[in-house]
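Hi there,

Here is the structure I promised to pass on to you. Have a look at it first, and then read on for my notes.

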Amino acid sequence: MFHNDSGPLPGCAKEFGNISLDVKTDDPVVSGVFGTKNVRMALRIMGGNDCSPNIVWVDGPPLQWDHWYEILLHIKWDPKGGIAEWYLDNLSVPYYSNLKVPTLFTRPKGYVSPSYTTLTISNYRLHAPWNSTIYVGPLIVGSTRSSVLDRF
């Protein structure tokens with residue numbers, strides 16, 4: 001997940017991390033209950049106006065248990081016309097591509113909230129009572145596609 005700056009938020013903000021990888025189900029959200037209907041990966045892209053953000057949910061494929069995913073994200077940070085591309089296991093063909101999507105927030109005072117360039121690996125679980133483990137590695141960040149793929 002890529003988070004934005006830590007500046008004060010207006011009361012109208014509905015702001016979360018600009019880019020987030022998630023696991024979704026079709027079950028209603030119930031604290032302490034594990035959803036099992038249509039378990040899938042998902043990508044959330046947020047940006048634009050803080051008080052009425054543009055939110056894009058991209059449903060991924062069914063989640064494969066005990067599978068190491070290769071994920072490549074191509075992001076151009078922009079409050080109006082950014083880029084969000086999600087490659088999943090096949091790093092030569094994007095699973096999802098949007099070449100004009102807000103990826104940064106514009107604050108009510110008019111300035112653009114910069115996204116941190118550090119990737120935060122969070123495991124938010126809606127107060128689930130069971131244990132959960134996520135293994136990550138290797139994690140490579142680069143300024144070009146080749147600078148990332150050449151290091152694999």
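Let me start with the charged side chains: D59 makes a salt bridge with K24, and their closest N and O atoms are 3.2 Å apart. This pair connects distant parts of the chain, since D59 belongs to strand β3 and K24 to strand β1 (residues 19-24), 35 residues apart. Before you go further, please keep in mind that this is a predicted model.

D59 is partly exposed, with a relative accessible area of 38%, and K24 also counts as partly exposed, at 22% relative accessibility. R40, at 7% relative accessibility, counts as buried. If you follow these contacts in your viewer, you will find K24, D26, R40 and D59 linked in a network of salt bridges. K24 does something else as well: its charged end sits over the ring of W57, 4.5 Å from the ring centre.

The count of salt bridges comes to four. One of them, between D50 and R107, has its closest N and O atoms 2.7 Å apart. It links D50, in the loop between β2 and β3, with R107, in the loop between β7 (105-106) and β8, and the two are 57 residues apart. Are these two residues buried or exposed? D50 counts as buried, at 0% relative accessibility, and R107 is buried with a relative accessible area of 3%.

Now to the strands. Strand β2 (residues 40-49) and β3 pair in the antiparallel sense over seven bridges, and a hairpin of four residues joins β2 to β3. Within this pairing, L43 stands opposite V58 in β3. Strands β4 (residues 71-76) and β5 (residues 82-88) also run antiparallel, and six bridges join them. The hairpin that connects β4 to β5 has five residues, and I71 has L88 in β5 as its bridge partner.

On to the aromatic rings, where the count comes to two pairs. W68 and Y135 form a tilted pair, at 6.4 Å centre to centre and with 40° between the planes. W68 lies in the loop between β3 (54-62) and β4, and Y135 in the loop between β8 and α1, so the pair ties together parts that are 67 residues apart in sequence. Both W68 and Y135 are exposed. W86 and Y95 form an edge-to-face pair, at 5.3 Å centre to centre and with 70° between the planes. W86 is buried, at a relative accessible area of 0%, whereas Y95 is partly exposed, at 40%. One more ring is worth a click: R145 lies over the face of Y87, 4.8 Å from the ring centre.

Last, the surface. I121, I134, V136, L139 and V141 form a nonpolar patch there, with about 470 Å² of accessible area together. L139, one of these residues, lies in the loop between β8 (112-113) and α1 (145-149). L139 is partly exposed, with a relative accessible area of 48%.

Happy to talk any of this through once you have looked at the model.

Best wishes

Definitions and conventions: Residues are numbered from 1 along each chain as its sequence is written. This is a predicted model: local features need pLDDT of at least 70, side-chain atom pairs count only at pLDDT 80 or more; totals for chains, interfaces and linings use all residues. Side-chain values use heavy atoms; hydrogens and water are left out. Patches are made of residues with over 30% relative accessible area and no salt bridge: like charges are joined within 9 Å, nonpolar side chains (Val, Leu, Ile, Met, Phe, Trp, Tyr) within 5 Å. Accessible areas come from the Shrake-Rupley method with a 1.4 Å probe; for residues, only the protein chains shown count as cover. Buried means under 20% relative accessible area, exposed over 50%, partly exposed in between (1.4 Å probe, protein chains only). Two strands pair if DSSP finds at least two bridges between them. Rings of Phe, Tyr and Trp (its six-membered ring) pair if their centres lie within 6.5 Å; planes under 30 degrees apart count as stacked, over 60 as edge-to-face and the rest as tilted. A charge sits over a ring if NZ of Lys or CZ of Arg is within 6 Å of the ring centre and within 35 degrees of the ring normal.
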